[in-house]
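Please work through the following exercises on helix packing and nonpolar cores with the model at hand. Each task is followed by a stepwise solution.

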Amino acid sequence: MPDLNFISADNKNIRYMGRIDFADKKNPMLIYAGSTVSFDFTGTSLTVLIRNYAVTEKTVIGYFIDNRQYSVILSRDDKYPVTQINVSTDGRTDERHSFTLFKRMDGYHMFQFCGFYIDQNAHILPGAPVSKRRMECYGDSVSCGAVCEAADHLASTDPENNMGLMDNCWYAYNMITARILGASINNISQGGAAVLDSTGYCFAPYYPGMETIYSKLRYIPYFETSQWDFSLYTPDVVLIALGQNDPHCEGHPDNNINDPEFRQRWISSYSGILNDLIAKYPQADFILFTTILMHDEAWDKAIDEIFTQSQNSRVHRFRFRRTASATPGHPRIPEQEEMAAELSEYISSLGSDIWAE
């Protein structure tokens, strides 16, 4: 673009958060909900370049400019062209502007960040130091902020045919908790995910469970998948929020956690994920819980059993005040904030020694 200054995605002043694919450093791929790109700059204009890879007809990305939030609806295009997003700075020339691009939705899509343009005489500026506090979360749609923007459906079922357009991971309880505690977070969560493969609701007809997803970088089965290198990010606190979608088994009767054979299989898989993560993060604290979305508390009793069996002082069992009982639909923003307040208070109660800073 003439008379503009192009800033490549590998610029040292750009800050990234999330389990992001940097195989192409000039076009990194944002895959998991809540992944972010942030930078500060000067000038009057900003044009961000992305390339969207979508599963559904419409997907939404979010951004903040000078603490004002906006969203952009993207239509599916199988040719995957580069899309220009023109961001308004209200014509203010001499001010320092802050910008954050974030992935609102889960595996409906993934997108490449392809750099951006600013005014010819403008500059990208060094930002605030990245927090040394690190969190990670393994969860489902609640941890992705699914349907949280349906404000007129508080404590009720979800609106029909919302198609993910009311999802906003920025307001998921785990993302809010990380901000309250001043931590970065990798959000390894996917709507419909259960623990076991071939259960839950995500990605028909594949239905990968968290036992497949947790170790992936690219995890959406409609595209090429790849493994994650766990040495690239070591969290201090790991949240495991699973057990909501696990009864569902497409084309078969629901799984019964009280059935001894299935219970043992489920506990073994959950414990296998937990133990592998403990081996990878031996200094981290792990918090096991389910959310306030209504479900059979028998799944919580199975998690109690996992916690008891762990016999590890760094593994903690947490319950929200309204675990399993608050709403038949996805938690809306006030309910997500309720969970974040309780969870951040609990994490703080563990003491400052849990952080490696």
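**Exercise 1.** Determine what covers the buried residues of α3.

*Solution.* Step 1: helices (H or I, at least four residues) and strands (E, at least two) are DSSP runs, numbered from the N terminus. Step 2: buried means under 20% relative accessible area, exposed over 50%, partly exposed in between (1.4 Å probe, protein chains only). By this criterion, the buried residues of α3 include F262, W266, Y270, L274 and L277. Step 3: with contact taken as heavy atoms within 4.5 Å, the cover includes β12, α2, β14, β15, α4 and β16 (315-317).

The model is predicted: local features need pLDDT of at least 70, side-chain atom pairs count only at pLDDT 80 or more, and totals for chains, interfaces and linings use all residues. Residues are numbered from 1 along each chain as its sequence is written, and side-chain values use heavy atoms, leaving out hydrogens and water.

**Exercise 2.** Check the span of α3 against its 21 residues.

*Solution.* Step 1: the expected span is 1.5 Å times one less than the number of residues, which gives 30 Å for α3. Step 2: the end C-alpha atoms of α3 are 30 Å apart, in agreement.

**Exercise 3.** Identify which residues touch the most other members of the largest nonpolar core.

*Solution.* Step 1: a nonpolar core is a set of buried Ala, Val, Leu, Ile, Met, Phe, Trp, Tyr and Cys residues joined through side-chain atoms within 4.5 Å. Step 2: among its 44 residues, these are Y138, W266, Y270, L277 and F286. Step 3: α3 contributes the most, 8 residues.
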